[in-house]
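Try each task before reading its solution.

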Amino acid sequence: MTQRIVVLILGLLFFQSVYSQVFTMLDMTGASCNGVFYDSGGAGDGYLPSENLVYTHCSDIGAFSPEFYFSSFDLASTDTLYIYDGNTTLSPLIGAYSNQDLTGQTILGSSGCLTFQFISDPFSLTDLGFRALISCDGCQEIEPKASVNLPLNASNSNILEICEGQTVNFQSETLYPENNTTYTQNDQINTLVWDLASTSFTGEQGSFNYDIPGIFPVYLTVLDTVGCKSRKQLLTIRVSGTPDFNVIPPINGVCLNDTFSLVAKPNEDTITPVPSSVSDPIFLDDVQGVTFSSAYQVEDFIAGQTISSISDLTNICIEMEHSYVGDLEISLTCPNGQSVYLHQLTGAGTFLGEPIDNDNSNPTAGIGYEYCFNMSASQTWEDYIDAFNPLALPEQEYLPVQSFSNLIGCPLNGEWSISVNDNLPLDNGFIFSLQLNFDPSLYPIDSVYPVAIQDTWWESGGQLLANGDSVAVILNQSGTQDIRYVIQDVFGCQWDTVFQVNVNPLPSVYYAYTPQCIDQQPLQVLDASISPNGAIVNQNWLIGGQSYTGNALSHTVNNPGTHSVTLIAEDQLGCMNDSTFFISVLDLPKANFSNSLGCISDGIVFFDQSLIYGTDSISQFLWNLGDGSQQMTNIGTYGPHFYPAVNSYTANLEVTTLAGCKDDTSIVVNIYEQPVALFSLDTNEGCIPFCTQVTNSSFSPTDAIVLNEFIFGNGGGIAEQNPAICYNQSGEYIIDLIAHNSFGCTDTFSLNVYPRPLPEPEFIFDPILPTSLNPEVHFIDQSAESKNWSWSIDGEDFSTDQNPTYVFPKSGEYLVNFTIQNRFNCVDSIQRVVVVDSFYTVFIPNAFTPNDDPFNPLYTIFTTGISDDNFEFSIFDRWGKRVFMSDKTTFSWDGKNQNGQEYPQGLYVYKFVGYDVFGAKHKKAGEIFLVR
């Protein structure tokens with residue numbers, strides 16, 4: 001619950017600044033509707049004894065009647081102010097007033113003038129006197145109105161609901177329904193005063209930031225040029241304040257991924273009225289015996305409501321500074337004139353607050369301290385100063401010198417005033433504020449407004465966790481997390497509070513377990529879990545539908561295999577995590593083994609064939625071989641082992657697994673005799689293709705040979721008794737004979753064979769193209785290795801030299817064969833064809849021009865290697881008639897007959913027959929074109 005206080009900031013009544021004239025009893029007469037009226041002492045001094053003064057004041061505007069509002073009135077009981085409704089003391093008497101009779105009262109005339117007569121007793125001391133504000137009745141109507149920049153309440157346009165810290169802009173829209181009836185009224189020439197929460201401003205517009213919550217009335221007072229004014233509450237501004245969150249965070253943090261509760265029990269904010277006031281500090285001038293007083297209007301309570309108990313006024317707080325407390329009298333006066341002294345003339349030179357001393361020539365405000373008075377305090381200012389003699393009176397609660405009971409019966413509404421009397425010179429001070437703290441229960445129900453909560457939610461890391469006041473949430477990130485609880489009220493204002501929750505990580509669940517055999521019961525599993533939060537304090541196990549607690553699981557299982565185990569580990573912060581894992585209870589191994597064929601001359605090898613179940617494995621093999629030999633191995637084979645004699649032996653294998661599980665078994669091992677493999681070859685060397693004949697003489701002492709397996713060494717083989725073996729590739733080969741007896745035992749006998757390579761004959765000859773003119777050819781051996789050379793041409797031997805020479809008798813093709821031997825006496829040959837060309841050429845032109853020019857006038861042919869013997873060259877015309885013939889190769893024809901007649905131009909045919917130097921005949925025919 002947020003309680004509000006009535007804060008009255010001290011200062012002269014604001015409108016004093018707009019009254020331009022001051023009148024006193026000494027003036028005798030005055031005429032104005034705008035001014036201040038004092039006793040004979042004016043604003044600074046009180047009246048004197050034995051006064052008898054008369055003052056008449058009239059309106060200066062038409063038929064207006066003067067109106068006097070007494071903001072202060074303090075006379076001795078023997079002193080009297082008489083007021084008459086008229087311009088003389090003979091006018092009707094309105095009343096006679098003493099003491100504080102007129103404080104806060106208004107005197108209104110009806111005749112246009114009021115006459116005041118003041119009479120003081122000769123023996124009375126000087127008292128405060130009086131002060132009145134002058135105005136005139138008969139004012140034109142003023143209707144203050146205004147607009148603001150924010151939307152008003154939808155159901156009540158006189159209410160504005162905002163959030164703490166918002167700024168409201170005000171704009172006057174005042175109405176003047178009787179404007180210009182008697183005088184002119186408008187916002188530009190009138191004085192507009194806005195009374196807000198803790199400030200006031202003048203003018204047609206202004207703004208204010210509401211930085212504290214509460215219910216703030218907005219008053220607009222309009223004072224026109226003739227002193228008429230209208231004050232109206234235009235708005236009630238409800239400023240929402242921070243509600244009570246009442247968040248109950250987790251005390252010891254929470255566990256990761258656990259559901260936990262976020263609990264809040266928010267209370268809605270309740271706001272109470274804050275009356276308007278002004279904020280200018282009040283200077284307490286260094287004028288001896290002068291009382292500074294100021295009055296304020298309180299309007300927040302029900303009409304007629306009064307103070308009925310000293311507890312109704314919780315306390316009275318004054319913020320002030322002054323350089324000397326011993327000369328001060330401070331009192332508070334309520335609307336009906338009852339008053340209470342808070343302090344009276346004690347305390348000597350103790351300071352109030354932190355004043356700037358000796359500043360009479362240039363008064364400057366120092367630092368004010370707040371001094372509060374209530375009936376529960378134990379000391380007055382004087383009591384505290386007497387006890388501690390401080391340089392400056394500290395800020396705290398003090399007892400007033402008079403009881404608050406003096407105020408019982410005071411109206412709550414109306415003018416309350418603070419009065420300060422400085423009784424000695426040489427010091428001054430400032431009063432900054434007055435706070436009247438009433439019991440909140442005194443406010444009307446409808447003026448105490450609860451700001452309801454509309455919505456609440458929780459956030460973390462900018463993400464919404466849940467809506468509501470008390471929720472269950474899960475945080476999935478370990479570490480310190482900021483949780484934000486947000487309240488949104490019906491004004492749309494959001495309020496939040498942030499607190500931290502330590503999200504503890506979960507334990508890491510581990511276990512320690514060595515696989516066990518079925519005969520090693522009970523099953524043992526150890527907890528190996530760890531947690532960053534500290535020790536693991538609780539473990540819960542679940543296996544086979546049974547539960548266990550403790551840091552080790554001991555459980556008997558009936559069947560080997562894989563078993564599901566769940567471990568729930570809880571650390572010292574209560575964080576729990578679980579893991580389900582699978583462990584193997586191993587069956588015993590099933591020992592089994594086999595061996596290779598047991599032949600007496602061969603080593604025997606043993607092979608493990610044991611069966612293993614689950615994830616276990618054999619780590620140790622113990623072999624007892626039946627002949628007194630024993631061997632331990634860590635692999636599943638052993639051997640070769642050589643038994644001493646042909647016999648039957650009982651061998652045993654014991655296997656041990658990594659988990660220590662064991663089993664053993666025995667088998668009978670038979671050791672047999674072996675055959676004797678033996679064979680011979682008719683030859684073991686020869687030129688390829690090389691063949692040799694095998695003679696097999698293998699035997700078995702007590703058993704038959706059932707298989708002879710020959711392996712040739714070249715990738716071939718055969719199962720025969722006496723095979724013939726051939727090789728087409730030279731080299732060195734091993735012929736193996738594997739003899740098998742009926743027991744399956746074998747023996748192997750081997751012989752080497754040497755197929756020899758053939759030579760690689762190669763030769764060249766020169767010239768490569770012999771002719772009939774050059775028929776001699778030289779043959780050159782190019783073989784890599786050769787001896788015993790033999791050359792033949794067309795089947796006839798012609799030389800045994802390595803590089804012979806041969807002259808061919810005529811042209812033609814000749815087959816030359818070259819045969820050689822290598823160092824293994826292997827023989828091979830190679831053939832080449834030698835072509836001997838006939839060496840002749842015949843060029844027969846196909847045209848000539850036997851005309852008158854010198855070019856190509858004769859027809860002739862050109863030959864080489866053609867003999868004139870039996871030579872014939874004939875030319876025929878197109879009808880087959882021979883027109884020319886020669887038996888010499890060097891002929892020429894001029895295109896004429898024997899008679900010198902020219903043959904005509906045209907196509908002719910030639911025929912050539914001739915023999916070369918070897919006597920070979922050559923023939924050729926073609927066409928000749930004779931051109932004229």
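Accessible areas come from the Shrake-Rupley method with a 1.4 Å probe, and for residues only the protein chains shown count as cover.

This is a predicted model: local features need pLDDT of at least 70, side-chain atom pairs count only at pLDDT 80 or more, and totals for chains, interfaces and linings use all residues. Residues are numbered from 1 along each chain as its sequence is written, and side-chain values use heavy atoms, leaving out hydrogens and water.

**Exercise 1.** Find the nonpolar surface patch that includes Phe-839.

*Solution.* 
- Start in the loop between β70 (827-836) and β71 (841-843), where Phe-839 lies. Strands (E, at least two residues) are DSSP runs, numbered from the N terminus.

**Exercise 2.** Is Thr-115 buried or exposed, and what does its side chain reach?

*Solution.* 
- Go to strand β10 (residues 113-119), which holds Thr-115.
- Thr-115 has a relative accessible area of 1%, so Thr-115 is buried (buried means under 20%, exposed over 50%, partly exposed in between).
- Now follow the side chain: it makes a polar contact with the side chain of Thr-56 (3.1 Å) and reaches the backbone oxygen of Asn-87 at 3.5 Å. A polar contact is a pair of N or O atoms within 3.5 Å; within protein, one must be able to donate a hydrogen and the other to accept it, and residues adjacent in sequence count only if both atoms are side-chain atoms.

Note on methods. Patch = residues over 30% accessible without salt bridge, like charges linked within 9 Å, V, L, I, M, F, W, Y side chains within 5 Å. Salt bridge = Lys/Arg side-chain N within 4 Å of Asp/Glu carboxyl O. Helix = DSSP H or I, 4+ residues; strand = E, 2+ residues; numbered from the N terminus. Buried < 20%, exposed > 50% of the residue type's maximum accessible area, 1.4 Å probe, protein only.
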